[in-house]
Amino acid sequence: MNLGYSLLTGLSFGSCVSIFNVLLLIPMLTCGRRYLRIGTFLYLILLGSVSDFSYSIFAPVLAVPASDLVARIILLLSGMAVSCFGVSLYMCLNFGMGPYDAFSCIIDDMTHGRLPFRYARILLDSTAVIIGFLLGSLVGIGTVVMALGMGPLINFFNKHINIPILRRNGLY
């Protein structure tokens with residue numbers, strides 16, 4: 001979705017990420033204050049510029065020809081695992097969530113668990129993919145895998161890796 005906004009407006013991807021998260025801060029302030037901490041503001045300040053910087057560093061190095069399907073699958077799955085582990089860890093540390101990540105938790109809270117985080121995240125990510133497609137973004141198999149897999153994988157890391165480790169060390 002942010003890539004679509006970027007293509008449409010000419011703004012950098014990171015700028016679009018920042019703008020979108022600032023807009024999501026509004027419902028977070030009204031419905032999800034408990035997820036708001038110092039980490040939320042660090043997220044808002046840093047995510048856009050870190051996204052642009054990371055892309056400029058990693059895109060040339062990790063560019064893989066479309067014909068190299070095995071390498072593309074390995075990059076997709078490893079990138080997804082690292083991303084989901086990182087999101088899970090920062091969520092579990094209770095340091096404050098970014099508005100996009102908090103939105104799925106807010107949906108879980110507002111539905112009293114009838115739409116749990118993992119499914120709320122699939123709904124949110126899938127909506128973002130559809131909006132991105134309508135704005136001109138390329139939507140491939142990797143995009144769909146990410147949209148359908150992030151919520152369940154973050155949930156897996158929460159329950160089976162990060163919360164147990166943090167509990168064992170007295171941090172949760």
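Buried denotes under 20% relative accessible area, exposed over 50%, and partly exposed the range in between, for a 1.4 Å probe and protein chains only. The model is predicted, so that local features need pLDDT of at least 70 and side-chain atom pairs count only at pLDDT 80 or more, whereas totals for chains, interfaces and linings use all residues. Residues are numbered from 1 along each chain as its sequence is written, and side-chain values use heavy atoms, with hydrogens and water left out.

View 1. Helices are DSSP runs of H or I with at least four residues, numbered from the N terminus. In helix 3, the buried residues are Gly39, Thr40, Tyr43, Leu44, Gly48 and Ser51. These buried residues pack against helix 2, helix 4 and helix 5. A kink of about 40° is centred on leucine 46 of helix 3; the bend at a residue is the angle between axes fitted to the seven residues ending there and the seven starting there.

**View 2. A nonpolar surface patch.** The patch consists of Ile38, Phe41, Leu42, Ile45, Leu46, Val50, Leu93 and Phe95, which together have about 740 Å² of accessible area. Patch residues have over 30% relative accessible area and no salt bridge; nonpolar side chains (Val, Leu, Ile, Met, Phe, Trp, Tyr) are joined within 5 Å, and like charges within 9 Å. Accessible areas come from the Shrake-Rupley method with a 1.4 Å probe, and for residues only the protein chains shown count as cover. Isoleucine 45 is located in helix 3 (residues 38-62) and is exposed, at 62% relative accessibility.

**View 3. Aromatic pairs.** The whole structure contains 4 aromatic pairs, defined by ring centres of Phe, Tyr and Trp (its six-membered ring) within 6.5 Å; planes under 30 degrees apart are stacked, over 60 edge-to-face, and the rest tilted. The rings of phenylalanine 20 and tyrosine 100 form a tilted pair, with centres 6.1 Å apart and planes at 55°. Phenylalanine 20 belongs to helix 2 (residues 13-31) and tyrosine 100 to helix 5 (residues 99-110), so the pair ties together parts 80 residues apart in sequence. Phenylalanine 20 and tyrosine 100 are both buried. Phenylalanine 85 and phenylalanine 157 form an edge-to-face pair, at 5.6 Å centre to centre and 85° between the planes. This pair links helix 4 (residues 69-92), which holds phenylalanine 85, to helix 7 (residues 141-168), which holds phenylalanine 157. Phenylalanine 85 is partly exposed at 32% relative accessibility, while phenylalanine 157 is buried at 12%. Ring pairs link Phe85, Phe156 and Phe157 into a cluster.

**View 4. Salt bridges.** There are 3 salt bridges, each requiring a side-chain nitrogen of Lys or Arg within 4 Å of a carboxyl oxygen of Asp or Glu. Arginine 121 meets aspartate 101 at 2.7 Å, N to O. That pair links helix 6 (residues 117-134), with arginine 121, to helix 5, with aspartate 101, 20 residues apart. Arginine 121 is buried at 4% relative accessibility, and aspartate 101 is buried at 4%. Arginine 121 also forms a salt bridge with aspartate 125, the closest N and O atoms being 3.0 Å apart. Aspartate 125 is buried, with a relative accessible area of 7%. Through shared partners, salt bridges join Asp101, Arg121 and Asp125 into one network. Aspartate 109 and arginine 34 form a salt bridge with closest N and O atoms 3.3 Å apart.

Note on methods. Helices (H or I, at least four residues) and strands (E, at least two) are DSSP runs, numbered from the N terminus. Contact means heavy atoms within 4.5 Å.
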